[in-house]
Amino acid sequence: MKPRTTIPTVLHMLAAGSMTTAQQLDRRQTDHHHFKGEAIPDINWKSTDTYNFTWGLTGVDNYENSRFASNLWLSCGILVLVLLAHKLFVSHVHHTRLLASLANPERMAVYFSQPLRSWPLFVYQHLLTAPLLRRRHNEPFTLAFFKLHMGTLPSRINGILLIGYILSNILYCTLLLPWNGSIGPSGKLEAPTRAALISEFRGRTGVMAVANTVPLFVCLMRNNYLGRAVGVGFNTWNLYHRWIGRIVFLESWAHFGAWTTNKVEQAGWAGVAQVIAENRFLQMGLLAEIALLMIVITSLAPLRHSHYQVFLFCHQVLVFLFLVGIWLHCHIDELPHIVYVNLVICMWAFERAHRLITIWSKNFSFSRKKLSCNIAVVEVVPGGEDAVRVTVAMRNGWEYKPGTHAYLYIPRLSWTQSHPFSIAWSSTSHPASPLEHISLPLPPQQSPDGKHTSVLPSAHRDLRTSKSVTNIHFIISRRSGFTNRLFDAASRASRFPDPEKPYSAPKTFYAFVEGPYTNEGYAFDSFTALLFVAGGSGITHPLGHLRRLLVDSAQGLVAARRLKLAWIVRDMRNVTWVSDWLEELWHLDAGRGMLEIEIYVTRPNPDHAPAGAEGGSSRVRWLFGRPSADLLVGGICSDAGGAVSVNVCGPGALADGLRAACRDRISEQRVEFSEESFTWS
């Protein structure tokens, strides 16, 4: 029978729902009656005995801590939604501009050349494309005497988001703590002790450190599914990974320092050493703390840039130790936030498994019950600075997209280490399969007596063409470490050819390619005029974009009517790196006059000057000295006839100069700036 709801019952419910905040906190605080089967003693918040605040969950409000962790997740979720909305909006604008430009090129070119106005102009000029302070962004800070790489500054929008993330963590770690007894259960309301305050701070920082490990690991994944959805590249994610890692380090050591402070007051340093030596729970926590400390030390920019492969190996080992330590620390004492650690381990394991499966499927194949893998052909590029051209035949197929990069594994030179390089070009070949014996009927023949002989089988070698193979090409400049070993191996093969071979064969290696990946999402189809600026080996980035735009423009699929490439090199002979590909670009232009190429030589040598320099032919202009960013941007904007895109791949100072030049013209003409960089290494 359903009970009747009387007026006294309603009044009682209303009274119960109007409990004070202090009463609610007091009820939450006593929800944890047992810890690992042991009764939690009643806590006297005004007691000077710190023992109760040095073990288990006494003095820790996990309900409140989980609420702040949820607030962190909520803020991250809102940011992701904002990024997704921005990507959809930009994609809609580009798609609309493309359709309108293709439908009515002359009229729409004038319309889309108009600059942004009002708040969209402010947001784009002062937030989305602006450096953090004045001009410097990707140009690294260096110590001139030691030539140490000290890191780069984030962009303004990323700097604002990072400052907000840091301040939110400071707020979550300190908000609603009983600093002056104004909040908390009744005992704390009157006169909280120092030990009680430190105990709550210990619990809060521990939970926030573990909660932050989830975005920390999301940001480090190469296959960042969230990044693909919101259009943010790995370069940006890695920036956040570094800063969130520092936050986790500080919160973890604050957590350990708070426990140590209470324990020292209760038992002295000898008591601290004794309890750590006897307690596996504390030992695992200390293991995670030490691993974090070593990660921070080995991740310092000078060490990371000067010995990147050593850093990468140490980083992976220390991350594994950190995960082991933090999981056991939470598991041994059955801490509720172990769910965050389990989520991190699942993400990390899934992403690693996905990468291994991808590497296997793209690089290994079975043929006639024999396992084979891809072969990399390495050739020294003649002339110019030391560089090699690496060609890998992807027999299992490869979806090449312009502007992408891939990780190259050559076990003979680097064991399991991988190295990222931009994919300069792709080509297709149709190799012949191994010769096979098959039986074919011979045509009937007449014998001397006029009778036809029987049809006899005959062995015949059938040259059958197999499926097409995509060849991907890299241009790799000689530096230290892996690239130096790669160049040495290729140069030895060219200087000392195999005497058993009739010709000098290039060096070959078994190689695995992982990818393709992209740092940022660019859409160039809707722009009328495009300027690509490359410095040195950065030429590998724009070549694919130029080829696709030339092909698609001939079919009326893009709005591009003017393409310009400005390449800055130190040696004139560096053009031999990509001379055959530049020739193909000219063939694709087919006399339409869309393509312009300017090559700037910063260290000219008269002995190496090609015919026609300086000035050059109508196809390529050779210029001596460094180009002016203002002149480059002004030149493409002067006769654009529509929206302009400026893309750069090169040294940080070059990118910063072009960004400043574009920002100066945003208020006069529709100019969009983008860059490709590997500042995360």
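1. Basis. This is a predicted model: local features need pLDDT of at least 70, side-chain atom pairs count only at pLDDT 80 or more, and totals for chains, interfaces and linings use all residues. Residues are numbered from 1 along each chain as its sequence is written, and side-chain values use heavy atoms, with hydrogens and water left out.

2. Aromatic pairs. The structure holds 14 of them. Rings of Phe, Tyr and Trp (its six-membered ring) pair if their centres lie within 6.5 Å. Planes under 30 degrees apart count as stacked, over 60 as edge-to-face and the rest as tilted. Trp360 and Phe364 are stacked, at 4.7 Å centre to centre and 20° between the planes. Trp360 counts as partly exposed because its relative accessibility is 44%; the class lies between buried (under 20% relative accessible area) and exposed (over 50%), with a 1.4 Å probe and protein chains only.

3. A tilted pair. Phe421 and Phe482 have ring centres 6.3 Å apart, with 35° between the planes. Phe421 belongs to strand 10 (residues 419–422) and Phe482 to helix 16 (residues 482–495), so the pair ties together parts 61 residues apart in sequence. Helices (H or I, at least four residues) and strands (E, at least two) are DSSP runs, numbered from the N terminus. Both Phe421 and Phe482 are buried.

4. A ring cluster. Phe249, Trp253, Phe256 and Trp259 are linked into a cluster by ring pairs.

5. Charges over rings. The charged end of Arg136 sits over the ring of Phe141, 4.2 Å from its centre. Arg67 lies over the face of Phe68, 5.5 Å from the ring centre. The test asks for NZ of Lys or CZ of Arg within 6 Å of the ring centre and within 35 degrees of the ring normal.

6. A nonpolar surface patch. Ile290, Leu293, Met294, Ile297, Leu300 and Leu303 form it, with about 460 Å² of accessible area together. Areas come from the Shrake-Rupley method with a 1.4 Å probe; for residues, only the protein chains shown count as cover. Nonpolar side chains (Val, Leu, Ile, Met, Phe, Trp, Tyr) are joined within 5 Å, like charges within 9 Å. Helix 11 (residues 280–298) gives the largest share, four residues. Met294 is found in helix 11. At 35% relative accessibility, Met294 is partly exposed.

7. A loop residue. Where does Asn519 lie? Asn519 is in the loop between strand 16 (512–517) and strand 17 (529–535). Asn519 is buried, at 1% relative accessible area. The C-alpha atoms of Asn519 and Val232 are separated by 7.6 Å, though the two are 287 residues apart along the chain.

How values were computed. Patches are made of residues with over 30% relative accessible area and no salt bridge: like charges are joined within 9 Å, nonpolar side chains (Val, Leu, Ile, Met, Phe, Trp, Tyr) within 5 Å. A salt bridge is a side-chain nitrogen of Lys or Arg within 4 Å of a carboxyl oxygen of Asp or Glu.
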